[in-house]
Amino acid sequence: MASSRLTSANKALSRKPLRHVLTLDEAVTMPAIDIPDAGRLFLGGLSRNASYAAAREGLIKTITIGRRKKALTKPLAEAVGVTVKF
């Protein structure tokens with residue numbers, strides 16, 4: 001009878017792949033990025049919740065695409081003195 005338990009090798013294979021961590025060099029080539037990435041990269045390492053709070057307060061300019069909100073890269077880059085490449 002086959003066991004329904006996963007071996008440790010199978011468990012490792014069944015995990016979700018890690019999310020790609022966006023870098024500042026990559027972010028300045030995009031017109032809009034995820035809000036948590038914007039807070040982490042442009043506002044001194046803000047947490048996910050703090051980034052969304054900053055977006056609600058208007059510190060992070062956003063655009064709505066369907067049901068998603070994205071942070072506009074150009075205003076953030078200009079505020080911290082980084083040149084955008086798009």
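Two strands count as paired here if DSSP finds at least two bridges between them, and the strands themselves (E, at least two residues), like the helices (H or I, at least four residues), are DSSP runs numbered from the N terminus. What you have open is a predicted model, in which local features need pLDDT of at least 70, side-chain atom pairs count only at pLDDT 80 or more, and totals for chains, interfaces and linings use all residues. Residues are numbered from 1 along each chain as its sequence is written, and side-chain values use heavy atoms, with hydrogens and water left out.

Select residues 62-65, which are strand β2, together with β3, and you will find an antiparallel pair joined over four bridges. Within this pair, Ile63 stands opposite Lys70 of β3. Now go to Gly66, in the hairpin of β2 and β3 with its two residues between the strands, where the phi is positive, near 65 degrees.

Show the three strands together, and they form an open antiparallel sheet in the order β1-β3-β2. Because β1 and β2 stand at the edges with a single partner strand each, one side of each is left without a neighbour in the sheet.

Finally, select residues 73-80, helix α5, which lies across β1 and β3.

Methods
Contact means heavy atoms within 4.5 Å. Axes are lines fitted to C-alpha atoms, for helices over the stretch in contact, and angles run from 0 to 180 degrees between N-to-C directions.
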